[in-house]
Amino acid sequence: MNYIDSSLKVVGTRPIRPDGVDKVTGRAVFSADTRASGMLWGKIKRSPHAHARIVSIDTSKAEALPGVRAVLTSKDFPVIASEEAFVGEGPMNFRDLSDNVMARNKVLYEGHALAAVAATSQSIADRALELIEVVYEVLPHVIDVEDAMAENAPVLHADMFTAGVNPKPSKASNIAKVVTFKKGDIDAGFAEAEVIVEGSYTTQPVHQAYIEPHACLATYNPDGQITIHASSQGHFMIRAYTAKLLGIDMANIRVNPAEIGGGFGGKTLIYLEPVAVALSRKAGKSVKMQMTREEVFRGSGPTSGATVTVKLGAKKDGTIVAAQQVLKFQAGAYAGSPIGPGCMCGFAMYDLPNVDVVGYDVVSNRPKVAAYRAPGAPISSFAVECAVDDLAVKLGMDPLTLREKNAAKNGTKTHYGPTHTNIGFEQVLAAVKTHPHWSAPLPAGQGRGLAVGFWFNIGGESSATVHINEDGSVMAATGSPDIGGSRASIGMMVAEVLGVPATRVRTIVADTASIGYTFVTGGSRVTFATGMAATQAAEKVVDELKRRAAQTWDIPVDAVEWKDGMAYPAGSNAGAFEPLDLAALALKQAKTGGPINAEVSVNAQGAGAGFGAHICDVEVDKETGRVEIKRYTAIQDVGKAIHPSYVEGQIQGGAAQGIGWALSEEYIYNAKGLMENPGFLDYRCPVASDVPMIEAVLVEVPNPRHPFGARGVGEVPIVPPMAAISNAIRGAIGLRMPDLPMSPPKVRAAIDAAG
Amino acid sequence: MAKQHVTATINGEESEFLCETQQTMLDVLRDVVGLTGSKEGCASGDCGACSILVDGTLVCSCLMLGVEAQGKSITTIEGIAQGDHLHPIQQKFLEHAALQCGFCTPGLIVATKALLDENPNPTETEARYWLAGNLCRCTGYDKVIRAVMDAAAVMRGEAA
Amino acid sequence: MPKVVLSSGSASNQLTGGVTEFEVEATTFRRLIIELERRFPGLGHQVEESMAIAIDGEIYQDAYSVELRPGSEIVLIPKIGGG
């Protein structure tokens with residue numbers, strides 16, 4: 001059923017979230033908040049080198065330390081063949097994942113795990129790590145992407161032969177893959193162009209910087225049954241990867257989803273769980289592990305840093321006739337940067353006749369990258385949206401007008417193949433035009449920037465159950481970890497279908513043994529796909545409730561109507577019965593056929609693409625080079641906001657992360673390839689005093705494929721900020737800042753260089 | 001190493017615990033006393049997720065030793081609500097949707113309490129600078145600041 | 001017959017020897033996979049395991065249930081994840 005044009009009572013309101021009180025009182029149980037009786041503490045020994053061959057590991061002294069119950073290395077893990085699978089948030093090679101969890105022959109980055117211990121206390125575990133003796137043969141390393149692509153660069157993987165080039169190369173390199181997307185005739189396009197702009201841009205890897213470090217508690221029973229308590233963006237993902245890496249049947253693993261303290265893509269793969277299980281198996285006790293913040297920075301995935309070039313050609317009237325982009329993405333130590341979406345997203349906002357995009361997936365001696373909010377798109381769009389702005393300046397055209405002129409519409413064929421359908425980009429641009437921020441006078445010395453962004457959004461596999469309790473209250477369960485309020489939105493959709501207040505529905509995240517398979521919380525899919533499953537489950541329950549009422553009244557089921565949480569006889573012909581509410585029907589459930597519930601699993605398709613536009617005003621302190629954001633507005637097509645407060649929250653949070661990416665966040669490596677800023681003091685995420693209020697404007701162009709019209713909203717808002725800020729800086733001081741982060745030293749240097 | 005015996009008032013209750021001398025107050029709260037509402041985000045005093053009040057002063061419990069609690073009055077997130085009755089700050093965080101994942105929330109609420117105890121009528125800028133020691137990666141701070149300002153108004157008796 | 005366009009970003013053109021557009025006789029996704037595998041060994045498997053397809057503009061990560069019409073445009077693209 002489709003509710004897009006129905007009048008809604010619950011969806012679109014702002015009730016208090018069901019897990020709220022637990023979270024404001026400190027009761028919510030996150031990953032590191034549980035204990036098991038007799039549990040041990042597990043810790044990981046990590047590489048101090050950026051690139052080295054492991055000659056030997058001697059664990060005897062550590063094993064002899066009183067209180068140490070288990071020590072393990074890669075020898076305790078099965079050897080896994082190179083096998084690509086699409087199980088988490090992108091193509092995943094399990095051999096690489098295994099090697100990343102516990103290095104086998106070489107360590108490929110500082111912080112790479114190579115041994116682990118379990119001991120009766122954290123301090124004993126720490127001492128045991130120091131007693132593990134490793135002999136390394138230090139190898140030359142390479143950190144930066146261009147250096148890694150150079151002819152004479154140290155090669156990380158002897159079996160890496162660039163995919164995507166014909167013929168297959170005979171020499172190993174650090175270039176894992178080349179991807180190309182072409183549309184039209186790029187040479188003809190540039191020949192036709194009257195104005196051309198070109199630019200080169202660099203972005204730094206940035207960490208997802210969830211405040212909750214990775215942690216887990218694992219128990220291996222002598223019968224082979226395993227329980228894992230951990231937070232993640234997918235407890236089914238933890239089960240699948242742990243099973244694969246240890247060679248264990250999934251049925252023997254039960255994963256209980258803890259509350260998750262932020263993920264943003266970074267918790268769509270695993271680091272600790274297989275290690276904790278293996279330690280527990282060896283020690284015969286439960287093992288708890290938690291990363292320090294330093295380990296999170298050194299050992300877990302940021303997103304790619306990159307170098308990008310863009311060339312645009314346009315007619316004098318502003319029609320863009322040629323668009324070219326080359327992207328070189330750092331993948332970290334193993335293949336798998338988000339180069340594909342990077343190549344697809346940069347130009348997806350525009351209707352372009354001639355496009356040529358080439359992307360490189362490049363390994364270097366850094367932690368393996370992990371997904372981060374709209375993986376690849378922010379990097380690509382930073383470059384494109386700066387270039388589009390430069391084009392506007394060169395054409396003497398308003399930047400909004402230029403974007404309106406070239407904007408993608410329904411029916412626009414993208415350069416990567418598909419045709420845009422049911423998109424709301426024009427409506428977003430119209431909302432920019434009418435927003436007071438866009439026309440507000442700009443105080444002297446300030447600059448205003450505009451940038452737009454795109455993300456596909458995804459659907460996929462989700463399961464949900466709806467139970468009517470014996471007293472008529474409602475339970476809803478799904479397999480989607482709740483990372484930002486999805487229990488609220490799922491419960492609201494169920495309540496809407498059942499015709500009851502949101503407070504009547506209690507929504508939980510069920511463990512891997514208690515609900516059908518559900519793909520990770522990522523790609524902005526939960527409210528869309530899991531919401532679709534929950535809505536359908538609620539509809540099945542309504543059908544059943546009508547059947548029970550029909551039975552009670554002894555009338556045909558089609559003579560029963562469901563309205564406002566009650567069964568009514570449909571019209572006077574059906575008979576004069578008092579309506580039955582949920583409590584009345586639940587009371588009779590045994591007599592009318594037993595418990596009333598439904599489970600629905602879907603593989604949701606048709607996630608509507610999302611578009612956003614951000615407006616940003618900045619002031620630049622010419623003495624210090626500090627950029628201050630004075631005003632920020634983020635406009636986005638959200639399809640339908642189920643719980644508008646949490647939709648706004650996604651947009652505000654994504655924008656703030658983008659502000660950090662733009663102005664302050666970066667990895668600093670020394671000459672030895674070691675990270676020098678693995679803490680929140682020196683890796684500078686935005687704090688409250690760094691940002692202004694962020695006005696989130698919700699444009700609602702319904703997605704016809706979702707029962708309530710919802711689109712994913714979490715990814716798009718991190719796409720535009722970097723370019724919006726760079727464009728605003730250009731407006732303020734007349735200089736293009738093409739390199740992220742646009743930190744005070746860089747801005748000051750640019751001002752000095754310009755004289 | 002012999003453990004130390006410490007006596008302190010925790011959330012209004014006379015309490016005693018044994019701890020290792022090098023153990024932080026955060027580890028004592030989480031692993032010894034069993035109060036896991038204070039979170040470890042960094043263990044270096046940079047994220048504020050472990051914020052507690054020590055004799056009314058806002059402290060990162062990861063930067064304090066457990067033995068330093070001797071004779072002190074400690075308030076953690078678990079001591080902010082009065083029984084079933086949420087503190088106005090907690091209520092306003094809920095109403096304004098000022099949390100997403102909720103991991104930084106205990107620290108933010110404790111820090112906000114310290115702010116409003118000291119300055120019942122902060123400007124937005126004052127609130128932003130006071131809370132600059134509490135990292136939140138989900139919300140972009142917009143709704144957090146709105147909740148803080150609204151809670152302050154309620155506590156001053158100015159708003160509903 | 002539906003027309004298949006291989007989005008070159010998929011790095012699959014190694015399997016097709018550089019051919020990026022062709023027509024196949026298939027009315028269902030299952031038949032399409034079999035036909036792709038027959039014409040270009042490895043491609044059907046790759047499409048099934050690691051690619052998404054866009055049929056007349058709409059992206060499907062999994063498309064077993066989708067019917068293909070004569071004249072349908074089928075674009076093979078990399079599968080999409082997210083954060």
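**Domains and contacts**

Mentor: This is a predicted model. In chain B, the domain assignment gives domain 1 (4–78) and domain 2 (88–155).

Trainee: How do you know that residues of domain 1 of chain B are in contact with domain 2 of chain B?
Mentor: The test is C-beta atoms, placed from the backbone, within 7 Å. By that test, 14 residues of domain 1 of chain B pair up with 12 residues of domain 2 of chain B. Strand E3 (residues 51–54) of chain B brings the largest share of the domain 1 side, 3 residues. By class, that side splits into 7 nonpolar, 6 polar and 1 charged. As for the C-alpha centres of the two domains, they lie 21 Å apart.

Trainee: Now the chains. Which chains share the most contacts?
Mentor: Chains A and B, out of 2 pairs of chains in contact. Their contact draws 42 residues from chain A and 42 residues from chain B. On chain A, helix H1 (20–24) and helix H19 (644–663) each supply at least two residues.

Trainee: What gives the most to the side of chain A that touches chain B?
Mentor: H19(A), with 8 residues. Sorted by class, that side of chain A has 21 nonpolar, 15 polar and 6 charged residues.

Terms used: Residues are numbered from 1 along each chain as its sequence is written. Chains are lettered from A and ligands numbered from 1 in the order in which they are written. This is a predicted model: local features need pLDDT of at least 70, side-chain atom pairs count only at pLDDT 80 or more; totals for chains, interfaces and linings use all residues. Helices (H or I, at least four residues) and strands (E, at least two) are DSSP runs, numbered from the N terminus. Ala, Val, Leu, Ile, Met, Phe, Trp, Tyr, Cys and Pro count as nonpolar, Asp, Glu, Lys and Arg as charged, and the others, Gly among them, as polar. Domain bounds come from an automatic or database domain assignment.
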